[in-house]
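Let's take a walk through this structure, with an eye on rings and packing. Have a look at the model first, then read on.

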Amino acid sequence: SYTTDTKSREENKKTIESLYSLSVDITKIRRLKEWVLLQDVTYVKEIAAILQEMGADETTVANIIERCPEAILHTPAEINSQRALWQLVCQNEKQLIKLIEQFPESFFTTEYHQNQKANILFFQELGLKNNIITRFLTSAPNIFYNPVEKNKNVIETLQRTYLNLGGSEANMKIWILKLLSQNPFILLNTSSAIQENLEFLQKNDFTDQEVLQLLSKLKGFIFQLNSTTMQKSMLFSKNVFKCSDQELKQLVLKCPALLYYSVPVLEERLEGLLKEGISVAQIRETPMVLELTTQIVQYRIKKLSALGYDIKNGNLESLNGTKKDFEVTYGKIQSKKERPIFNPVAPLHIED
């Protein structure tokens, strides 16, 4: 209901004065969302009072309004309802105000209040811990804008899928909760898209157990793909590695990124590795290296080369893994290099 037509309109003097009194940097708002300052009705003092009541100091209040000027367009009643809603999953108001300061846009999106409430209660019923739900509210707020029936539908499809693929009833809840906490955006998919992607894998001769393995390894990202891109990526890998369908399947199970990344991404990463003198045979042996960006690969090769480790003749396993994994590998290679060749406990024969 707010107008973004800024022509022939003047800034609301009362709004400007109220913002000045709160030490808000108005030039920031003018630069980012000037239209907010043109609205006839704003609730600057009221919103500031609610935030202060929750424990926000003057600097925090100013910071929140500068980052999300639309906050002042909401009525106190709307914000108090949102406050009560987020308190369902926040430990206390101290945590709540911290979240509002970090993610003001998520908190001040009040249009979907009823959907947000129904979804929070549904996630709690499902068994998701409150700290996971708060993470969703801040990092994936749009999943709460869905009607709760839509989210229930997707969860039911996933549960059915898990059981149909041979998963046990006893482990299903843990599987679903893990999948959701790793990738809440699964809920933005439709049940039919999930079904299509599973059928694609089955048509490509992946057994039920292998499909289940892929779903867990891919953290649900497979549901955000489509059969056309997966087909292209698999065909690209098959041509590059010159392998049979069965061998390709094993490579995909070893490295689901071959299914997940698009052809241009795989091409770029492959080229980056080849430029470093790494062979296709080495990549085929350790395809997981394609999960890393070209920049990460170059950085890691440089670090290992400085230790005298020749990646062209070595094992690509040393490049793999998370930053933490690589640091452990690097540390081992480094300590091996620094280890003294002589036996430190052997007696030294020194001439008198």
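Start with a charge over a ring: Arg269 sits over the face of Tyr261, 4.4 Å from the ring centre. Keep in mind that what you're looking at is a predicted model. There's another arrangement of this kind at Phe206, where Lys249 lies over the ring face, at 6.0 Å from the centre.

Now for rings meeting rings. Searching the whole structure turns up nine aromatic pairs. To describe such a pair, you give the distance of the centres and the angle of the planes. Take Trp86 and Phe107: their centres are 5.3 Å apart and their planes make an angle of 80°, an edge-to-face pair. Trp86 belongs to helix α5 (residues 76–86) and Phe107 to helix α7 (residues 104–107), so this pair ties together parts of the chain 21 residues apart in sequence. Trp86 and Phe107 are both buried.

How are the rings of Tyr112 and Tyr145 arranged? With 4.2 Å between the centres and 15° between the planes, they're stacked, because planes under 30 degrees apart count that way. This pair links distant parts of the chain, too: Tyr112 is in the loop between α7 and α8 (113–126), while Tyr145 is in the loop between α9 (130–139) and α10 (148–164), 33 residues apart. And are the two partners buried or exposed? Tyr112 has a relative accessible area of 35%, so it's partly exposed. Tyr145 comes in at 19%, and since buried means under 20%, it counts as buried.

The aromatic theme goes on with Phe122, Phe123, Phe136 and Phe144, which form one cluster.

Back to the loop between α7 and α8, which also holds Thr110. Thr110 is buried, with a relative accessible area of 11%. What does Thr110 touch, leaving aside residues up to four places away in sequence? The list is His74, Glu78, Ile79 and Gln82.

Last stop: a pair of helices. Helix α1 (residues 13–21) packs against helix α2 (residues 26–33) at an angle of about 130°, and their axes are 10 Å apart. On the α1 side, the contact involves Ile16, Leu19 and Tyr20; on the α2 side, you'll find Ile26, Ile29 and Arg30. Sort the residues of this contact by type and you get five nonpolar, no polar and one charged.

Note on methods:
Residues numbered from 1 in each chain as written. Predicted model: local features only at pLDDT ≥ 70, side-chain atom pairs only at ≥ 80, totals over all residues. Heavy atoms only, no water. Axes fitted to C-alpha atoms, helices over the stretch in contact; angles between N-to-C directions. Helix = DSSP H or I, 4+ residues; strand = E, 2+ residues; numbered from the N terminus. Contact = heavy atoms within 4.5 Å. Nonpolar A, V, L, I, M, F, W, Y, C, P; charged D, E, K, R; others polar. Phe/Tyr/Trp six-rings, centres within 6.5 Å; stacked < 30°, edge-to-face > 60°. Buried < 20%, exposed > 50% of the residue type's maximum accessible area, 1.4 Å probe, protein only. Lys NZ or Arg CZ within 6 Å of the ring centre and 35° of its normal.
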